[in-house]
Structure formats: C-alpha cells, structure tokens
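My notes follow in the order I looked things up.

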Amino acid sequence: MRPTLRQLLGYFLYLGSLGFGGPVALVGYMQRDLVEQRRWFTRDEYVKGLALSQLAPGPLAAQLAICLGYVHSRVLGATLVGLAFILPSYLMTVALGMVYVRYGGLAWMQAAFYGVGAAVIGIIVRAAYKLARLTVGTDRLLWAVCGVMAAVTAWTESEIGTLFILCGVVTLLVKAPPAWLARVRTSGWGILPALAPPDLLVQILWFFTKAGAFVFGSGLAIVPFLYGGVVQEYAWLTDQQFLDAVAVAMITPGPVVITVAFIGFLVAGQVGALLAAVGDNPQVQAFVGGVTAAAAGAIAGACVVLARRAIVDVPTALVALAVLALLWRVRVPEPLVIAGGAAVGLLIMGTGR
C-alpha cells in the first residue's frame with residue numbers, strides 16, 4: 001500500500017525529529033516502519049535502496065531516505081523527503097551548538113550524553129540484528145559475507161568502499177556466474193575460447209579507448225578508423241565479419257558506434273558475454289544481495305566500534321544491556337529510551353557515580 005506523498009513526508013519529518021541513534025538505528029527504523037509494519041515499500045525496494053546507498057559516498061540513512069522518496073515520487077519525492085528528513089536535525093543541531101557556545105561546555109549535557117550513548121548501543125544492536133535477518137535470511141554465503149564485513153569494519157574502524165563492490169562480485173560469481181566463465185557457443189562463429197588472453201584484452205581496451213577519445217564527428221566517422229585497426233592492423237576480423245558487424249549496428253536501434261560491442265564479442269566473446277550478463281536479472285540480484293549482506297555486516301561492525309566508545313565502565317554497560325533486553329521483549333518508543341538514558345546519565349553523574 002503506497003502512502004500519499006504527504007504521508008511519506010510526515011513520516012520522514014517525524015523520523016528526522018525523533019529518530020535517535022545515528023545511521024545504524026535510522027536504517028533499522030525505516031526497515032521496521034516502512035517495510036514490516038506499514039508495508040509502504042517492498043523488501044526488494046528497501047534492499048536495493050540500501051545497496052545503492054551503501055555504494056554511494058555520503059550519509060547512509062539520508063541517502064536511503066532519498067532513494068525511497070525517489071521510488072515513491074521520482075525526483076520530486078527524493079527532493080522533498082531529503083529536506084523533510086534532514087531539516088529537523090539540522091535546526092536542532094544548530095540550536096544545541098548555539099546553547100553550547102553561549103554557556104560554555106554544559107556539564108548537564110555531558111552527563112546526559114553519558115547515559116544516552118550507552119542507551120543508543122542497545123538500540124543499534126537490535127536494529128543491526130533485524131537488518132541482518134531481513135537482508136541475509138538463511139543464506140550461508142550471505143552470512144559469510146556479512147560476517148567477514150563485520151569483522152573487517154570492527155577491526156579497521158572504517159568502511160572500505162571497494163569491499164562492498166568486491167562482496168557483490170563474489171556473490172555474483174558464486175550464485176549466478178555469467179556465461180563467460182564457461183565455454184560460449186555461438187551459432188555462427190563456432191566455439192570461442194573460455195577466456196581471452198590478457199594481452200589481447202589489453203590491446204582491445206587500448207584500441208577502443210583511442211577510438212572513443214580521438215575520433216570526432218558522427219557515429220559513421222568511426223567506421224573507417226575501426227576498419228583500419230581491427231581488420232588491417234590487428235587482423236582480428238575478416239572483411240566480411242567487419243561488414244557484418246557494421247550491418248548489425250545499422251539494423252539495431254541506438255547509436256552506430258555500438259558496433260564496437262559486436263566487434264568486441266567477435267574478438268573476445270567472453271567480454272561481450274560479461275557485459276550482457278550485467279543486465280541479466282539473476283546476476284543483478286546476486287550482486288545486490290552481496291552488497292546488502294556486506295552493508296549489514298558493516299553496520300554490525302559499526303556497532304562494535306561505537307560500543308567501544310560509548311561503553312566506558314560498568315554503569316554504561318548495564319544501561320546498554322538493559323535497553324537491549326527491554327527492546328527485545330517490548331516495543332518501546334525510541335525517544336522514551338533516549339530520555340531514560342539521559343535521566344540515568346544525569347543521575348549517575350550528579351551523584352558522582
């Protein structure tokens with residue numbers, strides 16, 4: 001059931017105003033509220049949005065909100081959701097900064113943060129667990145990806161962007177290997193080798209890079225340049241094969257320069273098969289599954305990193321455990337949990353621990 005744009009903006013205005021706990025918790029709130037309870041978005045929409053948000057640079061929770069806004073109402077929805085989500089916390093942060101500067105330090109604020117930080121750990125651990133269950137399920141490979149990413153994030157105390165892509169590629173190769181990993185049979189060209197030699201792939205890459213960079217004019221202007229290279233210089237194709245490649249480009253929609261894809265396939269069919277496989281649904285699903293599992297693992301690792309900083313003594317450890325146990329059994333609004341953590345912090349710091 002899709003909400004109206006007004007309802008969606010109302011939710012993100014609320015989440016931006018009262019969604020405590022940072023990106024880990026906010027991502028979990030969106031999963032719980034928008035997918036599990038209200039069912040405004042499907043699991044698939046949420047998971048793909050999370051994968052895109054994790055791959056892109058920038059704040060995870062805000063980008064996921066913008067992705068969901070785009071799914072709902074395209075550019076208008078993405079823009080308005082982003083504003084509704086970010087503006088409340090921006091205004092509150094500026095107000096707190098003004099108070100902090102005006103009164104210098106604010107011991108009571110530090111005391112409140114002492115308890116709030118511990119309470120947040122309980123919230124985000126619960127959110128990370130639910131996110132892992134949603135994105136990973138019972139898949140052993142995805143659990144392995146999730147576990148490795150959690151360990152790396154906890155150890156390095158940072159998120160390594162290239163690892164998310166690597167996790168997606170590894171999952172793709174295991175769960176939905178593209179055709180180029182096996183011998184490719186084609187109806188007109190016989191059996192192609194399982195993998196083109198590396199030096200041939202380098203030559204192809206360099207030649208077509210030159211073609212794209214230094215040939216000007218219309219799409220047809222590139223044809224003589226291609227003929228001089230692939231037929232006369234490298235002898236990759238015969239005259240007839242080159243003419244067939246140009247003919248294929250002419251009878252298919254789109255730019256004529258797309259003939260390079262056909263030529264590339266004839267020369268090293270696995271590369272062409274790989275490019276085609278990227279758009280194939282099983283491969284896309286496998287890649288997204290690997291990235292989201294890696295994102296869940298990174299979030300779990302972030303919980304460890306944050307816990308090291310927030311849990312500094314026995315009282316904060318007890319607060320975190322109490323919040324986790326409470327949320328595991330009872331649905332308690334997060335603002336109340338945060339308020340309780342602040343009260344405990346003020347009490348402990350006020351009595352000198």
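Predicted model: local features only at pLDDT ≥ 70, side-chain atom pairs only at ≥ 80, totals over all residues.

Setting aside neighbours within four places in sequence, I found Phe85 in contact with Phe12, Leu15, Gly16, Leu26, Met30, Ala61, Ala62 and Ala65.

I then looked up the largest nonpolar core, which has 66 residues. Phe85 is among the members that touch the most others, along with Phe12, Val27, Met30 and Tyr46. Helix 5 (residues 107–136) gives this core its largest share, 13 residues. I noted that nonpolar side chains in soluble globular proteins tend to be buried together.

Next I went to Thr292, which sits in helix 13 (residues 281–310). Is Thr292 buried or exposed? Its relative accessibility is 1%, and the cut-off for buried is under 20%, so Thr292 counts as buried. A polar atom of the Thr292 side chain lies 3.0 Å from the backbone oxygen of Gly289. Beyond four places in sequence, Thr292 is in contact with Val47, Ala51 and Thr135.

Last, I checked backbone angles. Most residues other than glycine have a negative phi. Arg39 has a positive phi, near 55°. I located Arg39 in the loop between helix 2 (22–37) and helix 3 (43–55). Arg39 is exposed, because its relative accessible area is 60% and exposed means over 50%.

Arg74 also has a positive phi, near 55°. I placed Arg74 in helix 4 (residues 60–103).

How values were computed. Residues numbered from 1 in each chain as written. Heavy atoms only, no water. Helix = DSSP H or I, 4+ residues; strand = E, 2+ residues; numbered from the N terminus. Buried < 20%, exposed > 50% of the residue type's maximum accessible area, 1.4 Å probe, protein only. Polar contact = N/O pair within 3.5 Å; in protein donor to acceptor, adjacent residues only side chain to side chain. Contact = heavy atoms within 4.5 Å. Core = buried A, V, L, I, M, F, W, Y, C linked by side-chain atoms within 4.5 Å.
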